[in-house]
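Keep the structure open while you read.

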Amino acid sequence: MDVIQVIKVMLLGMFEGLTEFAPVSSTGHMIIVDEMWLHSREFLGYYTANTFKIVIQLGSILAVVITFRHRFMDLLGAGPRAQENSSRLKISHILTGLLPAALLGFLFEDYIDEHLFTVETVLIGLLLGSFFMIFADLYGTRNLSLKSVDQITYHQALLIGLMQCFSLWPGFSRSGSTISAGVLVGMNHRSAADFTFIMAVPIMLGASCLSIIDNLAYFTAEAVPLFAVGFVSAFIFALITIRFFLKLINRVKLLPFALYRIVLAGIIAFMYY
């Protein structure tokens with residue numbers, strides 16, 4: 001493997017891990033960093049580079065599974081608290097939250113892939129997502145009645161799922177939209193983040209696995225070692241980021257992330273144009 005290529009895929013994995021579950025848009029960062037600086041398509045090829053980004057996303061997903069392993073065991077009926085009481089978070093809550101974005105994504109996947117993955121659309125998403133997060137902090141924090149993800153109702157899960165549809169626009173951010181939605185329906189920031197991360201696993205895992213099956217031809221002897229480096233990099237940085245973020249979110253809330261996104265959009269617009 002070429003050393004420069006290894007460094008580039010490590011950096012892409014790092015950005016994926018750092019941004020996938022923070023409300024700053026991992027897709028936006030990946031498009032901006034790759035298109036403007038790292039240019040993975042030049043040494044991997046167009047389709048192999050796209051496959052690489054799917055593979056490293058699996059590293060971030062694994063980090064969530066490790067962090068919430070006891071919760072997932074309970075949801076699957078294998079954990080020590082699985083049979084405790086009927087008010088705990090259930091798989092049916094997760095499915096309720098997943099359904100709107102999964103359906104919309106299935107219907108418009110080709111259009112999104114062909115027309116929305118550009119620096120320009122990401123800048124729009126960064127700004128709109130920032131305004132939504134600021135709105136949630138200003139108006140949602142007045143009525144935070146739900147302090148544990150186990151208290152979530154199906155109505156709340158559905159509303160969060162509907163607002164998750166915003167994240168189909170690159171740059172808007174899945175976690176930004178769902179944490180904001182959770183705060184707006186009465187959850188505190190930590191419980192909204194817990195639901196966001198848990199809900200992300202099945203939809204991201206399903207989408208990634210289907211994409212990998214469609215792109216198995218690009219798992220060549222030359223590409224697989226680079227895939228592995230990016231996967232490990234994404235996993236390590238996502239694991240660190242998730243644990244830090246969950247400890248921090250109830251104190252700092254969403255405003256600092258929203259301001260960061262606005263500043264980032266301004267810097268990128270200045271450099272790009």
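## A walk through the model

Start at Ala-157, which sits in helix α8, spanning residues 154-164. The model is predicted. Ala-157 has a relative accessibility of 0%, so it counts as buried. Now look across to Ala-234. The sequence separation of Ala-157 and Ala-234 is 77 residues, and their C-alpha atoms are 28 Å apart in space.

Turn to the aromatic rings. A pair of aromatic rings is described by two quantities, the distance of the centres and the angle of the planes. How many aromatic pairs does a search of the whole structure find? The search returns 12.

Take Tyr-47 and Tyr-218. Their ring centres are 5.7 Å apart, and their planes meet at 15 degrees. Planes under 30 degrees apart count as stacked, so this pair is stacked. Where do the two partners sit? Tyr-47 belongs to helix α4, residues 46-67. Tyr-218 is in the loop between α10 (189-214) and α11 (223-252). The pair therefore ties together parts that are 171 residues apart in sequence. Is Tyr-218 buried, exposed or partly exposed? Its relative accessible area is 26%, so Tyr-218 is partly exposed.

A second pair also involves helix α4. Phe-52 and Phe-227 have ring centres 6.1 Å apart and planes at 40 degrees, so the pair is tilted. Phe-52 lies in α4 and Phe-227 in α11, so the contact ties together parts 175 residues apart in sequence. Both Phe-52 and Phe-227 are buried.

Rings also gather in a group. Phe-21, Phe-68, Phe-197, Phe-245 and Phe-257 form one aromatic cluster. Keep Phe-21 in mind.

Next, the surface. Leu-103, Leu-104, Phe-106, Leu-107, Phe-108 and Tyr-111 make a nonpolar patch of about 670 Å². One of them, Phe-106, lies in helix α6, residues 91-115. Is Phe-106 buried or exposed? Exposed means over 50% relative accessible area. Phe-106 has 66%, so it is exposed.

Finally, go inside. Rolling a probe the size of a water molecule over the atoms shows where empty space is left. Searching the whole structure gives 1 cavity of 30 Å³ or more. The largest cavity has a volume of about 30 Å³. Which residues line it? The lining consists of Glu-20, Phe-21, Arg-174, Ser-175, Thr-196 and Ala-200.

Key: Residues numbered from 1 in each chain as written. Predicted model: local features only at pLDDT ≥ 70, side-chain atom pairs only at ≥ 80, totals over all residues. Heavy atoms only, no water. Phe/Tyr/Trp six-rings, centres within 6.5 Å; stacked < 30°, edge-to-face > 60°. Helix = DSSP H or I, 4+ residues; strand = E, 2+ residues; numbered from the N terminus. Buried < 20%, exposed > 50% of the residue type's maximum accessible area, 1.4 Å probe, protein only. Patch = residues over 30% accessible without salt bridge, like charges linked within 9 Å, V, L, I, M, F, W, Y side chains within 5 Å. Areas by Shrake-Rupley, 256 points an atom, 1.4 Å probe, with all protein chains shown as cover. Salt bridge = Lys/Arg side-chain N within 4 Å of Asp/Glu carboxyl O. 1 Å grid on protein atoms, 1.4 Å probe; cavity = no way out; pocket = protein on both sides within 12 Å on 5 of 7 lines; lining within 4 Å. Points joined across faces, edges and corners; volume = space filled by probe spheres on them.
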